[in-house]
Amino acid sequence: MGNIGSTSTWVVGGPVGLGLAAYMYDTQIRDRNSQNTKNRIPELPEEVVDRIQAYLPVSSYFRSRTVSKRWHASLFAPSFFEIRTQVHHKEAWMFILSYRHCRNWSYAYDPTFDTWHKVPLSFLPPDFMYPTAAAGGLICIRAYVDGDQVLSVCNPLLKYWRELPPWQEDRIDPVIGIDVNPITKEYRIIAVGSYESGAMTEVFDSRCNRWTATGSLPHKMSFARSALCNGLFYCMTAGPPDALLAYNIDQGMWRVVPVSRPSFLWYGDLVEHFGRLLLVGALRVDQRFEGVRIWELRELVAEWVEVEAMPDRLFKEFYRKGKMFYSFQCVASGSFLYLHVKKTPRVLMCDLGSHPPTWRWLSNSPTCTDWSEVSIWGFAIDPCLSASV
């Protein structure tokens, strides 16, 4: 299990990586003996080196960028990003963090290599320990500082972070969403609701570095789950009344989505999957849990349409063989959905990109003494690591 940021742990792997390492070593030897060598072998063109780097996994960049200033700079160059995109369209990771101790316990699952990597967040101040939203390589983390709630944004791989300005209205545990522009890397953060007040919605724009108050909710509601999809911030209310609300980020307006909850839905989670809004939920009929289903929102016909069901044999394991069914978390990252029953150490993955979709348990999860404090977050890591705070 690797430790991001530790050059003694990351190894440049595979035939391409070994060839690159050999080239680096050979170049160093030639440089030392250049005065005694009449026919020095010329260095590889920069375009060739960039293409070789592009084939390496994201984890290898943390070692390769220490080779030279040019290599470090190339990882952030638009030209490298274009090459990397051609080679690997997306390398989506799933993060798993301790809700109250994320500075010391946080890991990332890399589906490409089916492995877990430790991602230390110890660079954050001690008070920042409540992860609340993630997107585009960034994580929003809440903290309580001198009795006030503070929000920060961090890039967990590059170890960059910043504390955001205070929002205009005092809030306690609001629902948070983050929308990252994949081209400009600018981001907007939506904050709505609070234990004390629920009407005002505020949006933070990284371009102007300030919060702006926008549209009010149709009426005061408590939120259960939320997801960003196609420029809309969807929130499912905890009810009563049960409702699905959609916030248009550009227009700053809320509306009620005219769709009823699926029959017998006991608990559900909203996720975005390649421009589709999905609802992943457990069914309960006559006090018995009957399975987990995945629905897609079809707003034109005003209904949730079932698109997939968890296999019965896996549901029996997921359901913990008749024991109390704790609420679960679901995140979408790339082609995959990750489902995690709270207070358990296992994560179930569904590959919606395969036909038909496939399900399997992830390899051994990291060791944790208290799984009741663990939350999972999924987002795609920017291949050139340029997600800026």
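In which strand does Asp148 lie? Asp148 belongs to strand E7, which covers residues 148-155. The structure is a predicted model, in which local features need pLDDT of at least 70 and side-chain atom pairs count only at pLDDT 80 or more, while totals for chains, interfaces and linings use all residues. Residues are numbered from 1 along each chain as its sequence is written, and side-chain values use heavy atoms, with hydrogens and water left out.

**Overall architecture**
- The protein chain contains six helices and 25 strands; these are DSSP runs (helices H or I, at least four residues; strands E, at least two), numbered from the N terminus.
- Of the 389 residues in the protein chain, 50% are buried, where buried means under 20% relative accessible area, exposed over 50% and partly exposed in between (1.4 Å probe, protein chains only).
- Among contacts (heavy atoms within 4.5 Å) with a separation of 6 or more, 50% join residues 24 or more positions apart.

**Asp148 and the negative patch**
- Asp148 counts as exposed because its relative accessibility is 51%.
- A patch of negative charge on the surface brings together Asp127, Asp146, Asp148 and Asp170.
- Patches consist of residues with over 30% relative accessible area and no salt bridge, with like charges joined within 9 Å and nonpolar side chains (Val, Leu, Ile, Met, Phe, Trp, Tyr) within 5 Å.
- A salt bridge is a side-chain nitrogen of Lys or Arg within 4 Å of a carboxyl oxygen of Asp or Glu.

**Asp205**
- Asp205 is located in strand E11 (residues 201-205).
- Asp205 is buried because its relative accessible area is 12%.
- Beyond its neighbours within four places in sequence, Asp205 contacts Tyr187, Arg188 and Arg210.

Notes: Accessible areas come from the Shrake-Rupley method with a 1.4 Å probe; for residues, only the protein chains shown count as cover. Lys and Arg count as positive and Asp and Glu as negative; His and the chain ends are not counted. The place of a charge is taken as NZ of Lys, CZ of Arg, CG of Asp or CD of Glu.
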